[in-house]
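Please read this report with the sequence and the 3D view open side by side.

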Amino acid sequence: MATMSEKPANVFGPTLSRRQFIKAGGVLVVGFSFVGPELLKADTAKSGTLKNTLDPTLPSSWIEIHPDNTVLIRTGKSDFGQGSTFTAYRQIVAEELSVPFEAITTVVAGDTDRTPDGSGAFDFLGHGTPNIRKAAAYTHQALLDLASERLGVSKDKLSVKDGIVSGGGKTVSYGDLVKNQQLKLTIPVKGDLTSIFGLTIEGNPPMKPVGEYTVIGKSFKNSIISSKVAAKETWATDVRLPGMLHARVVHPKTLGSTLVSAGSVDKSKFPNSQVVVKGNLVGVVAPTEWEAIQAADQVATATKWTEWKGLPGNAKLYQHLREEVDWTSAPVEKSKLSKGDPGPVLASAGKKLSATYQLSYMKHAPIGPTMAVADVKPDGMVHIHTHNQNPQALRGEIAMMLGTSIDHVVVHSYPGPGHYGRSNGGNAGAEDEAVLLSQAVGKPVRVQWMRADDMQWSTQAAAAFSDVQIAVDDKSKMAAYQIDHYMPAMQDDRPIGAIIAGLPTMPAPQVKSDSVTSTVNGIEDPWVYAPVPNVMERGHGTFQVGQKASPLAVGLRDHSMRTPGQFQQNYPRELAMSEAASLAGADAIQFRIDHASEERAIGVLKAVRDASAWDTRPSPRPDAISTGTRPVRGRGVSLMLRSGTYWACVCQIAVTPDTGMIAVEKYTVAVDPGIVVNPVQLKRNVAGGAVMGIGHALFEEVMFDESGIKQDDWISYPIPTMKDIPEIEVVLLHNPKVGAYGGGSEAANALAAPAIAAALHDATGKIMRRLPMKPAYVQAVLKA
Amino acid sequence: MVTLNVNGVRHEVQAPDDVPLLYVLRNDLQLIGPQFGCGLAQCGACSVLVEGKEVRSCITPAASVAGQEITTLEGLPARWAKQKGLSADQARNTLHPVQQAWIEEQTPQCGFCQNGMMIKATELLESNPQPTLAQIKEAFTTSGVSPNLCRCGTYAAIIEAVQHAATIMAKGR
């Protein structure tokens with residue numbers, strides 16, 4: 001065994017401890033301790049967390065330095081196709097440690113028993129300083145301290161290149177510094193492991209100056225792409241445990257139905273199947289997948305439910321939201337950038353825009369329906385194998401459902417279909433159901449949702465409407481801007497199976513909530529037109545539609561989706577800005593530039609104007625026409641600040657007035673994220689977002705009646721196909737003086753809708769203030 | 001008992017007559033390239049090649065393709081090696097040009113649909129080695145029983161990868 005030689009050292013606050021002279025190997029691992037008032041909370045409420053993560057023998061560190069100069073990194077964030085954990089995270093760590101990209105040989109992501117920090121698969125770059133950057137920076141300082149001691153050279157005289165520390169004419173590698181030792185660096189964190197945001201590293205370790213970067217900025221390839229393309233990756237869908245049974249769930253008839261009687265299996269056809277009932281949850285379990293599918297279909301026809309008609313139905317949605325919903329239960333949120341007094345200016349305005357904008361419910365619509373394998377052991381340990389954006393939060397939800405502690409729940413994370421935010425609060429749909437069925441039958445159970453389950457029983461992006469008023473003065477400047485955003489609670493993190501089964505969950509969205517599940521509608525779209533003298537932005541929130549009426553407390557459950565909340569607020573703002581430009585007789589890009597002061601906002605607007613060969617003039621175009629069978633063309637623009645990144649988008653469209661068909665011909669976007677970490681990966685993320693945004697803009701709309709969602713497949717809920725895509729041009733503006741990395745996998749989807757709507761106005765002279773812009777809706781607007 | 005010829009290997013499978021090929025491939029033969037996306041032949045995630053034609057394995061009864069030549073994503077390298085007459089050693093260390101191009105172009109995001117995209121690309125390039133942009137779009141939208149769907153929106157990257165694969169195949173490497 002190792003001889004103990006405890007010698008803690010202080011590394012910018014964190015401490016480095018060591019056990020020297022182990023016989024072989026050696027390692028430096030980075031663990032953590034809690035700081036601040038959260039310590040007490042974490043110690044009591046989350047005792048399992050501390051026990052699990054403060055023990056240096058457990059492999060939960062962020063970073064390990066090995067004697068062979070290789071590096072392992074761990075993150076609680078699972079990959080959902082952004083690729084950041086395999087590219088940007090490696091690059092960031094390599095940069096802060098001054099090691100080659102290739103030295104980081106292993107990335108462990110998501111598993112709750114093997115990763116330290118939790119949080120969801122979103123905001124990977126953490127507004128420029130993700131946990132992994134700070135962990136690497138602290139580790140770098142600890143390695144310099146070790147090298148200083150080893151070489152007898154003061155720390156400030158040392159330099160590092162490719163993992164070799166040099167100073168005073170001497171050198172030592174990182175590997176040699178850790179050889180035959182067990183070193184543990186303890187760094188400070190705060191937060192709640194199983195909350196949506198997980199743990200955050202505290203303190204301010206020195207970071208490498210941006211001017212010295214050699215790894216960040218290069219397009220390293222995403223290692224997991226190779227294994228997926230070669231069919232060598234184990235996906236969540238591939239997990240098969242010994243003795244595992246297949247299951248399908250018979251979901252209630254409506255979003256408010258309770259169980260009258262569960263059907264029984266026709267044993268003559270399905271001799272090996274069994275029905276499991278827990279509250280209103282009906283599951284069918286069988287040894288083979290095909291039998292489970294067929295038996296579930298048969299049981300579904302024999303199962304009886306109560307009727308329920310508590311939703312307004314699609315056709316009456318906006319009338320319901322405007323006239324029947326109580327918007328007074330949640331306090332009105334006012335943006336911090338509101339200023340002046342728009343009221344009197346609007347009242348006396350010579351030119352005034354006064355309009356309402358509506359945005360439908362939309363589905364995340366992952367290309368594979370949600371699934372999970374659960375194994376509830378006789379000793380109470382629960383193992384879940386799944387694809388989830390926030391495994392630690394799922395762990396907490398499952399523990400709550402079962403009335404056990406998080407020590408008893410392990411979530412194993414695998415690749416799977418993108419969720420676009422749907423599971424960032426911890427569950428996507430099947431995980432809890434798999435646990436309940438496994439518990440009931442005493443064997444591992446795999447629950448696979450079918451396409452219809454995924455369309456009808458998952459959450460959706462919240463519908464919204466906004467009232468806008470803008471005053472334009474006689475100098476063609478905006479004198480006042482007022483916007484009131486109305487949106488039901490946009491994040492319901494309750495696991496659906498637990499709700500249906502009547503088991504404990506977190507509360508349904510309510511006013512007072514300590515997480516993102518509040519009914520309060522915060523201002524998510526940062527105001528970027530600072531020179532406007534009078535600004536009022538207000539958010540009005542309420543409960544989810546049907547949430548209170550449904551006997552299941554379900555209704556239309558909402559969940560954040562790519563650019564959550566901000567999409568619902570940026571669409572009305574940016575379309576209204578284009579309309580205000582028309583009112584002022586100004587060009588839509590120049591009008592925005594004239595009302596912006598931030599250099600980066602102006603920079604992306606000018607870049608997108610150049611790249612799209614924008615013809616500067618007011619909209620609509622002089623020969624705009626809203627009738628006829630010949631396509632007419634137009635262009636529109638949109639602007640957004642999100643997660644430290646400035647975005648400007650131009651869409652050029654062709655619309656055929658008589659059919660209402662819109663084709664987007666070109667989508668140009670300029671992106672200033674500050675430092676561009678990996679140009680190719682960023683471009684791929686942005687281009688994908690652009691395509692999704694065209695679906696949001698043109699045809700995605702949740703259709704529901706008084707009982708539930710009517711769509712059950714890709715015909716009834718269409719998404720973009722290859723023939724729908726325009727020419728896409730992504731202009732990256734590398735802006736190192738910002739000194740931080742902005743996010744890149746959101747925003748592009750949200751920018752399409754206001755730009756396309758403005759382009760429709762440019763082409764036809766008619767304005768459409770409703771999403772999606774389906775042909776029938778467009779036809780109606782053009783004929784009006 | 002159904003006899004399936006998958007990736008050049010004969011398999012005797014105990015399966016009901018109506019079981020779709022997808023479940024036999026994934027659960028009985030551990031061939032995990034094809035994915036379950038909809039079970040309705042509406043997305044293409046489950047695609048395989050049957051006698052060189054793209055088929056949706058989620059609705060195709062395994063018994064209906066008994067004895068026919070089935071190729072899954074796992075079998076693409078060997079398919080290419082056979083077409084090019086590569087040695088066994090060469091074949092072991094190669095990927096199909098479509099797979100190579102998918103990696104070089106960094107095409108997938110989540111990657112769940114990309115099995116079907118690569119199967120469709122292989123079908124296309126075997127019959128049309130130098131497709132135009134319009135022909136690529138037609139292949140991925142109207143040539144099959146449904147468009148091949150990608151929710152991450154990687155279509156532009158797929159087009160670039162198909163064009164890149166065509167270049168690799170023309171060089172014959």
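The model is predicted.

**The core**

The largest nonpolar core has 289 residues. Among the residues with the most contacts inside this core are Val93(A), Trp647(A) and Cys649(A), and the list also includes Val669(A), Ala752(A) and Ile756(A). Helix H18 of chain A, residues 748-764, gives the most to this core, namely 12 residues. As general background, nonpolar side chains in soluble globular proteins tend to be buried together.

Neighbours within four places in sequence are left aside here. Ala752(A) is then in contact with Cys649(A), Cys651(A), Tyr667(A), Ala690(A), Gly693(A), Ile694(A), His696(A) and Ala697(A).

**Where chain A touches chain B**

How many residues does each chain bring to the contact? Chain A brings 44 residues and chain B brings 42 residues. On the side of chain A that touches chain B, at least two residues each come from helix H6 (223-229), helix H7 (289-302) and helix H17 (679-698) of chain A. The largest share of that side, nine residues, is supplied by H17(A). By class, the side of chain A that touches chain B consists of 24 nonpolar, 12 polar and eight charged residues.

Met692(A) is a residue of helix H17 of chain A. Is Met692(A) buried or exposed? Met692(A) is buried, because 28 other C-beta atoms lie within 10 Å, and the cut-off for a buried residue is 20 or more. With neighbours within four places in sequence left aside, the contacts of Met692(A) are Arg562(A), Asn749(A) and Gly153(B). In sequence, Met692(A) and Arg562(A) are 130 residues apart; in space, the distance from C-alpha to C-alpha is 9.6 Å.

**Helix pairs**

Two packed helices are described by the angle between their axes and the distance between the axes.

| Helix pair | Axes come within | Crossing angle |
|---|---|---|
| H4(B) and H5(B) | 9 Å | roughly 130° |
| H4(B) and H7(B) | 8 Å | roughly 130° |
| H10(A) and H11(A) | 11 Å | roughly 40° |

Helix H4 of chain B covers residues 97-104 and helix H5 of chain B covers residues 114-127. Their angle makes H4(B) and H5(B) oblique to each other, and their crossing is right-handed. On H4(B), the contact is made by Val98(B), Gln99(B) and Trp102(B); on H5(B), by Gln114(B), Met118(B), Ala121(B), Thr122(B) and Leu125(B). These residues divide into five nonpolar, three polar and no charged.

Helix H7 of chain B runs over residues 155-171, and its axis crosses that of H4(B) at roughly 130°. H4(B) is therefore oblique to H7(B). The crossing of H4(B) and H7(B) is right-handed. Pro97(B), Val98(B), Gln100(B), Ala101(B), Trp102(B) and Glu104(B) of H4(B) meet Ala161(B), His164(B), Ala165(B), Ile168(B) and Met169(B) of H7(B). This contact has eight nonpolar, two polar and one charged residues.

In chain A, helix H10 covers residues 391-402 and helix H11 covers residues 431-441. H10(A) and H11(A) are oblique to each other and form a right-handed crossing. Leu394(A), Ile398(A) and Met401(A) of H10(A) meet Glu431(A), Asp432(A) and Val435(A) of H11(A). Here the classes are four nonpolar, no polar and two charged residues.

**Backbone details and an exposed residue**

The peptide bond from Ser619(A) to Pro620(A) is cis, with omega near -5°. Pro620(A) is in the loop between helix H16 (599-611) and strand E28 (632-642) of chain A. Another cis peptide bond leads from Leu771(A) to Pro772(A), also with omega near -5°. Pro772(A) sits in the loop between strand E32 (770-771) and helix H19 (775-783) of chain A.

Ala553(A) is not glycine, yet its phi is positive, near 60°. The loop that holds Ala553(A) lies between strand E27 (534-542) and helix H14 (566-583) of chain A. Ala553(A) is partly exposed, with 19 other C-beta atoms within 10 Å. Phi of Ala41(B) is likewise positive and near 60°. With 20 C-beta neighbours inside 10 Å, Ala41(B) counts as buried.

Gln319(A), in helix H8 (residues 317-324) of chain A, counts as exposed, with 11 C-beta neighbours inside 10 Å.

Notes
Residues numbered from 1 in each chain as written. Chains lettered and ligands numbered in written order. Predicted model: local features only at pLDDT ≥ 70, side-chain atom pairs only at ≥ 80, totals over all residues. Core = buried A, V, L, I, M, F, W, Y, C linked by C-beta atoms within 7 Å. Buried ≥ 20, exposed ≤ 12 C-beta atoms within 10 Å, placed from the backbone. Helix = DSSP H or I, 4+ residues; strand = E, 2+ residues; numbered from the N terminus. Contact = placed C-beta atoms within 7 Å. Nonpolar A, V, L, I, M, F, W, Y, C, P; charged D, E, K, R; others polar. Axes fitted to C-alpha atoms, helices over the stretch in contact; angles between N-to-C directions. Parallel < 35°, antiparallel > 145°, perpendicular 65-115°, else oblique. Left-handed = near helix turned anticlockwise from the far one by under 90°.
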